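My notes follow in the order I made them.

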Amino acid sequence: SSRFSVKTVEIQRRLEGCKLAMMSRNLACAFSTRARTWATGSCSGALRITSTGGKVIRAFCAEASAPTSEEKVERLRIVVAVGGNALIRRGERLTIENQLKAARNECAPMIKSLLAHHQTVLTHGNGPQVGELALERSAATFDVLGAETQGQIGYVFSQAMSGSGVTAVPIVTQVVVDPDDAAFNNPTKFVGPVYGAMEADALSRDLGWTIKADGEYFRRVVPSPPPLEIVQIDAVKMLLDMQTPSGPLPIVCGGGGVPVTRMGRSFANIIPGSMEGLEAVIDKDRCGALLARELNADAFMILTDGGGIWENFGKPGAREMKVVSVSYLRDSKAGTKFPGSMGPKVAAAIDFVEQSTNPNAWAAIGDLKDAAHIVGNNKGTVIRREVEGDVVWYDSKDDTKIDHVTRMPSLNKHGNSDAASQQERTQLNGRIGEEWQTVHRMPNVYATM
């Protein structure tokens, strides 16, 4: 029989702790969790197996080392929610060009990294976009404006993802709400910029808008009923069943979806069961939680350009929650009534975890750029149904997010601020009199949606 020897020809990287297994005359090279290839003599790898005559029999690729811990991560089904302000870069105008630049540089790499290991669905806010569009088309109803922004933002994300080799499929998504919901009798959702008293009165009189005080200024408000059903959910499931790391990536429920209701038999000119749009705005995080439940997702991630939930934020000894139970959040004096834009996010996260049929389902709130680390519970705040000890804190020596949290600037009468990316800092009283702080950056000009 031939005699073989193994010698190192070229070292491209150090291979530590790897055991090379030879089965028959082939070496299995693992490139990812989903793809494997057989290394041959053409491989420019670190190790080669040669005969005594120097002929290459097999080569081992350095890139195909034993699966890393990241490759061994369980494949999850994840719904990712990003704010409409994810497409606004600091100090730039809300143009399609600038939104596309932000999507390519910030969102696309994050989504691509998740797709490599997990089934992923993207949903997004539309606050800045729909606010601007409403000013341009004051006569349009918000169901129509919401559908238009789904197309606009879906197009931007699709262009960005194509540059990363991922096919995206934006869906103009209808979401059923109850037209008799109490929200229609008491509009509370602020939209668009702020106005002075005289301007607000004129808009209310001329356009029929409902306007309420927001601090010392006034803003338009619209109803915000809870989502009940996602009409296109079966299409999303079909796309997920065929998803690979290259797509298709469903982009759905943008801006909370288009609010619609099914018509009954009392309308002579309307076919029973037809959809009718309603003048309302659905909270996108609340709709994201419904989307995650209907897809039986393992995780629901709400990504912002702020951090998780902190204690004593901005003070000596500040610390961030690493993982927390639903009961721990509910037991605080603030409960789920977190003020400001963080409130709907925390409420949506709790809603998903509590109502999911999966007892191990979890939600998370954290930075957009930390998405991959949040999955491993190394960044952001993860919310679970049950946690041993109720809450786990990050080590105070860890690299926290305090450095990129700025003071919240004041708004001028146009809704603008000196800093392009605002932050809301909400102080909460803990269940033992501690000082709590949640951190979330607000959109550039318009309120959260």
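I started with Trp 209, which is buried at a relative accessible area of 8%. Buried means under 20% relative accessible area, exposed over 50%, and partly exposed in between, with a 1.4 Å probe and protein chains only. This is a predicted model, in which local features need pLDDT of at least 70 and side-chain atom pairs count only at pLDDT 80 or more, while totals for chains, interfaces and linings use all residues. Residues are numbered from 1 along each chain as its sequence is written, and side-chain values use heavy atoms, with hydrogens and water left out.

Next I looked up aromatic pairs and found two in the structure. Rings of Phe, Tyr and Trp (its six-membered ring) pair if their centres lie within 6.5 Å; planes under 30 degrees apart count as stacked, over 60 as edge-to-face and the rest as tilted. Tyr 195 and Trp 209 make a tilted pair, with 6.5 Å from centre to centre and 50° between the planes. I noted that this pair links distant parts of the chain, 14 residues apart: Tyr 195 is in strand 11 (residues 189-195), and Trp 209 is in the loop between helix 4 (197-207) and strand 12 (210-214). Helices (H or I, at least four residues) and strands (E, at least two) are DSSP runs, numbered from the N terminus. Tyr 195 also counts as buried, at 6% relative accessibility.

Why is the pair of Phe 300 and Phe 352 edge-to-face? I read that the ring centres are 6.0 Å apart and the planes are at 70°, so the pair gets that name. Phe 300 lies in strand 18 (residues 299-304) and Phe 352 in helix 8 (residues 342-355), so the pair ties together parts 52 residues apart in sequence. Phe 300 is buried at 0% relative accessible area, and Phe 352 counts as buried at 0% too.

I then turned to Leu 87, in the loop between strand 7 (77-82) and helix 1 (96-115). Leu 87 is buried, with a relative accessible area of 2%. Setting aside neighbours within four places in sequence, I found Leu 87 in contact (heavy atoms within 4.5 Å) with residues including Asn 98, Ala 102, Ile 153 and Phe 157. The C-alpha atoms of Leu 87 and Pro 128 are 9.3 Å apart, though 41 residues separate the two along the chain.

Last, I looked at the whole chain. I noted nine helices and 25 strands. Of its 449 residues, 50% count as buried.
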